[in-house]
Each structure stands twice: as C-alpha cells, then as structure tokens.
Amino acid sequence: MKSAFVALFLWALAGPIAAQAPHFDRAPLSIRTTEGKEITLDVEWAITPEQREHGLMFREELGDDQGMIFDFGTVRDVMMWMKNTPLSLDMVFIDQHGRVKRVASRTTPYSEAIVGSGTPVRYVLEIRGGRAAALGIGEGAVVTLTPPTGAAD
C-alpha cells in the first residue's frame, strides 16, 4: 500500500514538472549532407543548464523538420539520455566547426542508458527517430549554426 502512495505521489509530480518546461528560443538550422543536399530545420536552442537538462522530456510530438540543438558552450565529451522522453530520437553529435561526428539513431524512449558522443563535441541535435537517415544526415555532414538573436555564444 505504501508503494502505491509513493507511485501516486510521483505521478502527481510529473504533471507540474512537465508544465514547468523552460522557454526555448527558435532559429533555423541548415545542414549540408555529404551528398550536397541542403536541409533546413526549425530548431529550439537549449543553451542554459536548465534548458539542456529539460530538453525534449515529456514531449509527445516533434515535426519532421523540427528539433532541438543543445549548445554546451565548450568542446567536450557529451553524454545524453532519454529519461522522461516518450519519443524515439536521433542524436546528431556536432563539433565546434559544425561537422557531424556521430549519429545515434532511434534512441530508446524513457531509457536511462547513456548515449555518448564518442569524441569531443560542442553541440547535439535531436530530431525525431529515423529522420537523420531519411534526410541523409550522417558523419561528415556540415551544420550551419546560427543561434537565435540574443542567445549567448
């Protein structure tokens, strides 16, 4: 009985936590695939620690040409996870020059398993699972990163 109350309490907390998502500024992001195809995505920028911590958690929809870019402000090994994220995502790891270094495809929803960059990067682009392959985004693609007006670099 006690565990039922704990579960109910945690469930009740999930709604307010999801409702308190931080504000994300949006800006277009351009990608040139290794085949020369130009792609434009509408992305939200996760720049602050609070924004990066929340990311796409609790989101149940993400359009074909939408995503979120995480800017860590410095080059480092990056570790991501899918906790509280109901969508499968592709994680595109990008270095400070905008070059795609790795794509983790179709991550597992709600998983707490670590998804690592494998090499130092500055950015991670999250898009709906399977979109990277569908759009031809892979290692070597070049991303043009233009933060929204007023965003810290």
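## Ground rules

Because this is a predicted model, local features need pLDDT of at least 70 and side-chain atom pairs count only at pLDDT 80 or more, while totals for chains, interfaces and linings use all residues. Residues are numbered from 1 along each chain as its sequence is written, and side-chain values use heavy atoms, with hydrogens and water left out.

## How the strands line up

Let's start with the strands. Helices (H or I, at least four residues) and strands (E, at least two) are DSSP runs, numbered from the N terminus. Two strands pair if DSSP finds at least two bridges between them.

β1 and β2 pair in the antiparallel sense over eight bridges, and Arg26 stands opposite Glu44 in β2. These two strands form a hairpin with five residues between them, and Gly36 in the turn has a positive phi of about 90°. On to the next pairing: strand β2 (residues 38-46) and strand β3 (residues 66-76) run in the parallel sense, with five bridges. Here Glu44 stands opposite Met68 in β3, and Val43 has Gly67 in β3 as its bridge partner. β3 also pairs with strand β8 (residues 121-128), this time in the antiparallel sense over six bridges. In that pairing, Arg76 stands opposite Val121 in β8.

## A loop residue tucked away

Where does Thr33 sit? Its place is in the loop between β1 and β2. Thr33 counts as buried because its relative accessibility is 3% (buried means under 20% relative accessible area, exposed over 50%, partly exposed in between, with a 1.4 Å probe and protein chains only). Leaving aside neighbours within four places in sequence, Thr33 is in contact (heavy atoms within 4.5 Å) with Ile39, Leu135, Gly136, Ile137 and Ala141.

## The nonpolar cores

A nonpolar core is a set of buried Ala, Val, Leu, Ile, Met, Phe, Trp, Tyr and Cys residues joined through side-chain atoms within 4.5 Å. The largest one has 21 residues, and those with the most contacts inside it are Leu29, Ile31, Leu41, Ile69, Leu125 and Ile137. The elements giving two or more residues to this core are β1 (25-32), β2, β5, β8 and α3 (131-135). β2 gives the largest share, four residues. Apart from this core lies another, of 18 residues, among them Phe24, Ala46, Val78 and Met80.

Take Leu125 as an example. Setting aside neighbours within four places in sequence, its contacts include Leu29, Ile31, Leu41, Ile69 and Met91.

Is Met91 buried or exposed? Met91, found in strand β5 (residues 89-94), is buried, because its relative accessible area is 0%. The C-alpha atoms of Met91 and Ser105 are separated by 6.5 Å, with the two residues 14 apart along the chain.

Now for Met79, which is found in strand β4 (residues 79-80). Met79 is exposed, because its relative accessible area is 62%. Along with Trp81 and Ile114, Met79 makes a nonpolar surface patch of about 360 Å².

Some patch terms: patches are made of residues with over 30% relative accessible area and no salt bridge, where like charges are joined within 9 Å and nonpolar side chains (Val, Leu, Ile, Met, Phe, Trp, Tyr) within 5 Å. A salt bridge is a side-chain nitrogen of Lys or Arg within 4 Å of a carboxyl oxygen of Asp or Glu. Accessible areas come from the Shrake-Rupley method with a 1.4 Å probe, and for residues only the protein chains shown count as cover.
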